[in-house]
Each structure stands twice: as structure tokens, then as C-alpha cells.
Amino acid sequence: VKPPRSKKRRPTFRRLLKTSGVKLENKLKNRTLKQQNVAKKQRKEQKKLRAAVKDAAIRTPRPLETYRNRPEEEEEEEFLETLPTDMMEEDDVQQMTAMARQASFITRDLSACGPVHGGKKRSADAVRSYEKVPRKMVRTEETEVIHLLPIKDQRGVVPQSVERGMTQQQRLVRLKMASLTAEQRETLRVQKINDRKLVIASLGSAVVSDPYRNIKRVKELRGMLMESDPSVAVTVRKLVMVSLMEIFKDIAPTYRIRPLTPEEKAAKVKKETQQIREFEEGLVSQYKFYLEDLEQTIKDWKQQKKKRRQAVGFDSYRGLAEVSVRCLCSLLLALPHFNFHNNIVVVLVPLMNDADKQVSQMCCDAFRNLFQQDKEGGASLAAVRVISGLVKRLNYHVRPELLRTLLSLRIKEVQMKKDMEDTAPTKKFMNNKEKRKKLSRMQRKWKKAEEKLEKELLEAEASESKEKKIKLHTETLNIVFLVYFRILKKAQKSVLLPAVLEGLANFAHLINLEFFDDLLNVLQNLIQSGVSIHLDPAPLQRDVLNIDPLNFYSQLYRMLPRLHAGAPNDDIIIVLRCLDAMLTRRRKQVTLQRAMAFVKRLSTLSLHVLPNASVGLLAASRATVHAFPRCDLLLDNEVQGSGFYLAELDEPEHCNSQNTALWELQPLQRHYHPVVRRLALHLSHGAPSEGSAALGALSRKSPAELFNAYSVRDMTFNPPVAPPGSKKKVHTSNTHTHTHTHTHTRTHTHAHIYTLLN
């Protein structure tokens with residue numbers, strides 16, 4: 001009779017994963033045991049030394065004359081060799097054991113046999129001073145502990161590990177490498193890299209071609225992250241990091257993998273289902289280990305740590321860390337639905353505030369793209385929570401770019417409607433022609449009822465999805481405003497204030513009306529306190545409250561003369577945005593006196609700023625003239641009403657701007673910049689849309705676009721300066737022609753001077 005076949009199943013990959021925790025504990029235990037073994041060896045050496053000293057005190061010493069003519073070192077060695085080691089008595093052994101248990105045994109006098117803290121004087125026959133110096137331990141070969149999977153027997157789980165030292169073959173390889181020339185070593189290095197590339201390619205192709213069967217190959221590929229050859233370690237690790245990133249992006253499913261319940265594990269399933277389960281468990285496990293490797297690489301770089309027997313130097317850690325950050329950023333965007341996405345967020349958010357600008361910019365761009373492409377809202381909410389915690393933990397000492405990433409959040413109504421349309425569940429139904437062709441009369445009847453039910457289910461699902469999205473967006477918005485209000489309350493002089501005000505202007509239409517009074521008071525106090533603020537205040541009120549923010553208009557009107565052609569020329573772009581929001585878009589709530597006062601002051605400001613700023617300000621004046629046609633009174637010399645124009649008064653409503661004229665347009669028509677001349681001529685003719693004074697293509701660009709188009713940031717003149725003409729003098733009796741030629745020559749002279757100065 002055949003013996004019954006054992007029903008014990010071989011351990012699956014899932015069961016082996018359970019031993020990972022035991023493996024880590026064994027690793028710590030082995031490290032502790034190794035330290036204890038070293039200490040034990042030292043104690044043994046000290047014990048032998050004390051035994052020799054004890055016997056030396058019993059034996060009759062040799063005459064000193066025999067050592068008189070010998071060097072001191074040879075004397076020590078010969079003296080120790082003559083000491084017997086087999087004459088230890090039992091009482092001496094007990095005494096040495098008791099002394100070894102005391103804490104100060106190593107530091108005390110070896111010749112003393114009394115208590116540790118005894119006050120006895122040294123005896124006359126004390127051993128020499130060199131006997132007190134501990135003997136140097138014999139250097140053992142540096143070994144590497146390799147932890148194996150544990151086994152289980154009657155005693156329980158037994159850890160398994162082996163020690164591997166440097167073999168004779170490895171020593172020969174090192175000696176051979178040292179004998180090669182630089183060119184030969186480089187050739188050998190290239191050959192090694194090519195070999196590693198072939199291995200990486202073969203493993204990656206096997207996994208991608210059949211991930212359900214070859215998921216174990218991912219572990220082999222991940223093992224190459226521990227490349228030990230110093231000549232190729234950095235390159236190989238970078239290649240493996242990028243390859244694993246692409247593999248996980250390719251084989252990861254479009255859903256989150258949840259752990260199986262005990263009931264599901266105990267239930268019998270089909271072979272295909274079991275294969276899918278093993279694949280999912282292996283994928284999640286290897287993906288977790290891969291993310292941990294990337295995180296550890298970044299931590300080692302930040303903490304300047306170097307592991308023992310590490311084949312990568314400190315200088316190369318920066319490159320490995322940058323590749324790790326790039327891989328995490330790519331996975332953040334590619335797999336927002338997959339497992340451990342929140343863990344990636346937790347790792348990358350602190351790096352947004354990193355001192356390394358390249359790493360910080362990389363992470364900020366990744367989160368900006370995540371906010372822009374997140375149509376569900378869950379990933380954005382998780383990121384905003386971590387950002388809020390980081391800002392609070394660092395006491396608001398963060399980079400402004402970190403807060404500016406919040407401007408990319410998709411929490412506006414227009415974007416929400418579009419996202420709902422894109423993410424709504426859809427299903428294609430059969431039309432009547434297809435039904436008549438493929439179905440019978442009774443089947444068509446059943447199909448009609450089935451489609452009606454499916455449509456109702458889709459509508460219910462879409463409604464539920466909309467409610468979920470609104471809930472996520474509301475929670476996200478609350479956290480964002482909480483960050484903004486905290487900074488306004490506690491860090492009003494922080495560098496974060498411009499980013500906060502820009503965010504409030506961007507999401508102002510979503511702020512609860514209960515906060516408007518307090519918010520406007522805070523903004524008013526900031527302006528009056530002299531804090532430099534770059535804010536577009538109009539969206540705070542537009543289409544929400546029917547109020548007149550006169551104080552903001554007065555403050556902006558007061559700050560315009562402070563702008564100049566120096567370094568703060570970038571403030572012009574903020575002024576242009578404010579003018580567009582406060583005058584053009586709110587023309588129904590702005591008086592004509594206020595509009596004309598701004599046009600007059602903008603024309604005056606255009607005389608002493610850089611050419612691109614003059615272009616932007618004149619374009620803003622043109623937009624105001626179109627919004628308020630009665631501003632053409634400024635082109636007439638006749639006085640409208642009583643009083644005089646008070647240019648020094650900082651109240652646009654009471655400066656009598658109707659009693660002045662835009663005389664600044666006349667000198668601006670002789671400006672060295674051709675676009676400034678063209679805009680000045682256009683405004684002096686009343687900003688017509690047709691005719692010789694029309695702008696043509698320039699009229700289709702906004703003031704901000706014109707400001708950026710003609711920027712002199714790169715020290716270039718746009719449009720290019722025409723080459724100087726002929727030096728021959730042209731004699732003519734026409735005074736007007738002579739004056740025009742003189743003006744044209746002076747314009748080119750100004751242009752050349754401007755080019756040289758910049």
C-alpha cells in the first residue's frame with residue numbers, strides 16, 4: 001500500500017511575505033550579537049593578560065641584567081612569551097571572574113586585587129606601565145551578513161543567516177583592476193554597464209510581457225539597486241530606478257488593491273483567480289519596497305549618511321537623490337489612484353521647501369500638474385492637507401512657490417462642470433435600427449425596459465459622484481483658506497503675503513460672505529500700515545457685494561507715481577492687472593471723474609518708465625478710453641466746469657481731472673521706441689479702430705501681453721534698432737522736412753544710447 005501523500009502545501013509567495021518582519025528583527029538581533037561577540041573577544045584577551053600577570057607575580061623574576069641591553073619592545077614580547085599559561089588556580093579564576101563583572105575593570109590598575117574604589121597604594125612590585133595598555137585585537141576580515149528566510153520547527157521561527165567575507169578571487173580582481181591603465185578601466189566599465197543594461201532589459205521585458213507569471217522578476221530587478229561594483233554602481237542604480245518606475249506605471253491596474261480578508265483567503269477559488277491574487281500581492285509588496293528604496297536614498301542624501309561597505313560615495317548621492325525625486329514625481333502623476341499615493345505625497349511635500357532649487361522646482365511642478373489634472377478631487381485634498389501641516393509645523397517659514405502651487409487647484413464652478421461631464425459614467429445604447437436588425441419584438445421590449453433602468457442608475461451614480469466631488473472641493477477650499485487666514489493673522493510681514501493675497505484674489509468668489517467684512521478690514525489695515533502688497537483687490541467684491549471699494553482706488557492712485565524705471569519694474573504687471581479689474585471690468589460702478597484721473601496719471605507715468613512699461617500703461621489708457629468714451633475731454637484744451645487740476649492731490653474723485661489735457665502724448669510721439677510712438681499717436685486721435693491711426697494687430701493684445709512682448713529683461717531692443725543711415729547732409733529749403741529729419745536722427749541716437757546703457 002502506498003503511503004498517503006502529504007497534504008502540506010508548499011509555502012506560497014504570500015506566506016513568505018509574512019516573514020519579512022521576522023527577517024528585519026533577525027537583522028537587528030544579528031547586529032547585536034556581532035557587537036557582543038566583539039566585546040566577548042576583548043574580555044577574553046584581558047582575561048589572558050591578567051592570568052599572565054598573576055603567574056608573573058608567583059614566579060621568580062629573571063635577573064634584570066638579561067634585559068639591560070635589549071630594546072624595550074623586544075623585552076616586552078620575550079617577557080610575555082616566557083609567562084606560563086597552565087598554572088591558574090581555581091581561586092584565581094574566581095577572582096578574575098568577579099573582577100570582570102565590575103564596570104571599571106578595564107580602567108583600573110591590573111596589579112590591584114582589592115575593591116574597585118579602594119584607596120590602597122600601589123605595591124612596589126606593580127607591573128610596568130605598558131602592561132596596563134590593552135593589547136590590540138587581531139583584525140578580522142570584514143564580513144558581510146546575508147539574511148536568509150527563516151525556518152520554522154518545533155522551537156518556533158528560527159532565523160537564518162550566513163557570513164560572507166572577501167574571497168581570494170575578489171582580492172585577485174582588485175589587484176587586476178589596479179594594474180590596468182585608465183583607458184582599459186574605462187573600456188571595462190563601459191562593457192560592464194552594457195552587460196547590466198542587457199540584464200535590466202531582459203528582466204523588464206519579461207515582466208511587461210507577462211506580469212502575472214513573471215512578477216517575481218521585479219524582485220530580481222530591484223536587487224540590482226544594491227549594485228556593489230563601485231565603478232558602475234551609480235549608473236546601474238539610476239537605470240534600475242527609472243526602469244522600475246516605467247514597469248510599475250505599465251503593469252499597475254486602474255484600481256486600488258485592497259488586502260484580502262481572512263474569509264477570502266480561506267475560501268477556495270479558481271486557478272485564474274488565485275493567480276490574480278498572487279500577482280496583486282506581489283505587485284503591492286514590490287511596489288512598497290521600491291518606494292522605500294527611493295525614500296531611503298533621499299534620506300541618506302539629506303542626512304549625509306553613508307552606509308558601511310557602500311559602493312556609492314557622498315558626491316554621487318546627489319545624482320541618485322535627484323533621480324529618486326524624479327521617479328516619485330512621475331509616479332505621483334501617473335498613479336494617483338494606486339496604493340501608497342498618500343505616502344508619495346508625504347515624501348514630496350517637504351521637498352517643495354528644499355534648499356536645493358532644482359529639487360524644489362521639480363516637486364512644485366509635479367504638484368501643480370497634479371492639481372490641474374485631478375478631476376476627482378481626492379488626490380488634491382490629500383496634498384493640500386500635507387501642505388497645510390507643513391506650513392504650520394515650520395511656523396510659516398516656507399518658500400512662496402509652495403503656496404503658489406495652490407493656485408492650480410480645480411475648485412472653480414466652471415472647471416467643476418467640465419470635470420463632471422468628463423468623469424460622468426457613460427454607456428452606449430443600441431439605436432432603433434440596430435434593435436430591429438438584431439432583436440425580435442419581445443427582445444426589443446425587454447431591451448427598452450433594461451435601457452431605461454440603466455439610464456436611471458447612471459443618473460443616480462452621476463448625482464452621487466457630483467455630491468462627492470462638491471464635498472471634496474469644499475473641504476479642500478476650507479483648508480486653503482485656513483492657511484491663508486493664518487498667515488494674514490500671524491505673519492503679516494512674511495514673504496508669503498503676496499502669494500496669500502494672490503490666492504485670495506483667485507478664489508475670492510468662493511469665500512463665505514460672513515468673512516468679507518473682516519477680510520476687507522485686514523486688507524485695509526495692511527495698505528495703511530505701509531506693507532508692500534501686490535494684490536488684485538477687485539475680485540474680492542466683483543459680482544458678490546454691491547459696495548464701492550473707494551479706499552483701494554485711492555491707494556492705487558497714490559502708489560502710481562512711486563513706480564520708476566529701476567529694478568522694481570516688475571510691479572507694472574501687477575498695476576496692469578489691477579487697472580483691468582478695477583476700471584475696465586467694473587466700468588458700470590466707476591465714475592467718469594475717477595476714470596479720467598487714472599488716464600491722466602498713467603500718461604504722466606509713461607514718461608519716466610522703461611519702454612515696455614510705457615507700452616503697457618498706454619495700452620491700459622486705451623482700454624479705459626474705450627470703456628469710458630467721454631474721456632475724450634482730455635484731448636480738448638477747453639475747461640469743463642470750475643477749478644484747476646490738482647496733480648498732487650491723491651484723491652481721484654476730487655482732483656478736477658476734467659480741467660486738464662493729455663499733453664504727455666505730444667512728447668511721447670517723439671519717443672525713441674516705435675511702439676510707444678505709435679500708441680501715443682493712436683491715443684491723441686481718440687483711439688480709433690480704423691484709419692491711419694489704428695493699431696491693427698496690436699489692438700488684439702492685452703496690456704499685460706504687450707508689456708511682456710516688449711520686455712528688455714534679456715538686454716535686447718524689441719523691435720531691433722535700424723542701422724544708421726548715410727552721413728551725407730541733405731540741404732533743403734523745406735523747414736518741416738529738415739525738422740523731421742533731425743527728429744528721426746535723434747530717435748536713432750536715443751535708441752543707440754538706450755542699447756548701450758542696457
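Trainee: Which residues are linked with Glu 322 in a network of salt bridges?

Mentor: Arg 318 and Asp 356 are linked with Glu 322 in that network. A salt bridge here is a side-chain nitrogen of Lys or Arg within 4 Å of a carboxyl oxygen of Asp or Glu. Note that this is a predicted model, in which local features need pLDDT of at least 70 and side-chain atom pairs count only at pLDDT 80 or more, while totals for chains, interfaces and linings use all residues. Residues are numbered from 1 along each chain as its sequence is written, and side-chain values use heavy atoms, with hydrogens and water left out.

Trainee: How many salt bridges does a search of the whole structure find?

Mentor: The search finds 21. Side chains of opposite charge can pair when their charged atoms come close.

Trainee: Which residue forms a salt bridge with Arg 385?

Mentor: Glu 475 does, and the closest N and O atoms are 2.3 Å apart. This pair links distant parts of the chain, with Arg 385 in helix α15 (residues 378-393) and Glu 475 in helix α19 (residues 441-490), 90 residues apart. Helices (H or I, at least four residues) and strands (E, at least two) are DSSP runs, numbered from the N terminus.

Trainee: What about Lys 299, which residue is its partner in a salt bridge?

Mentor: Glu 295, with 3.4 Å between the closest N and O atoms. Both residues lie in helix α11 (residues 271-303), 4 residues apart, about one turn of the helix. Lys 299 is partly exposed at 37% relative accessible area, and Glu 295 is partly exposed at 28%. Buried means under 20% relative accessible area, exposed means over 50%, and partly exposed is in between, with a 1.4 Å probe and protein chains only.

Trainee: Back to α15. What should its 16 residues span?

Mentor: They should span 22 Å at 1.5 Å a residue, and the end C-alpha atoms are 23 Å apart, which agrees. The expected span is 1.5 Å times one less than the number of residues.

Trainee: Which residues of α15 are buried?

Mentor: Among them are Leu 381, Ala 383, Ile 387 and Leu 390. Arg 385, by contrast, is partly exposed at 44%.

Trainee: Is Ala 687 buried or exposed?

Mentor: Ala 687 is buried, at 6% relative accessibility. Its phi is also positive, near 55°, and its place is the loop between α27 (674-684) and α28 (703-709).

Trainee: New topic. How many residues are in the largest nonpolar core?

Mentor: There are 142, and those touching the most other members include Tyr 290, Leu 348 and Phe 367. Helix α12 (residues 314-334) gives the most to this core, with 10 residues. A nonpolar core is a set of buried Ala, Val, Leu, Ile, Met, Phe, Trp, Tyr and Cys residues joined through side-chain atoms within 4.5 Å.

Trainee: Which residues is Phe 367 in contact with?

Mentor: Leaving aside neighbours within four places in sequence, Phe 367 is in contact with Leu 332, Val 345, Leu 348, Val 349, Met 352 and Ala 383. Contact means heavy atoms within 4.5 Å.
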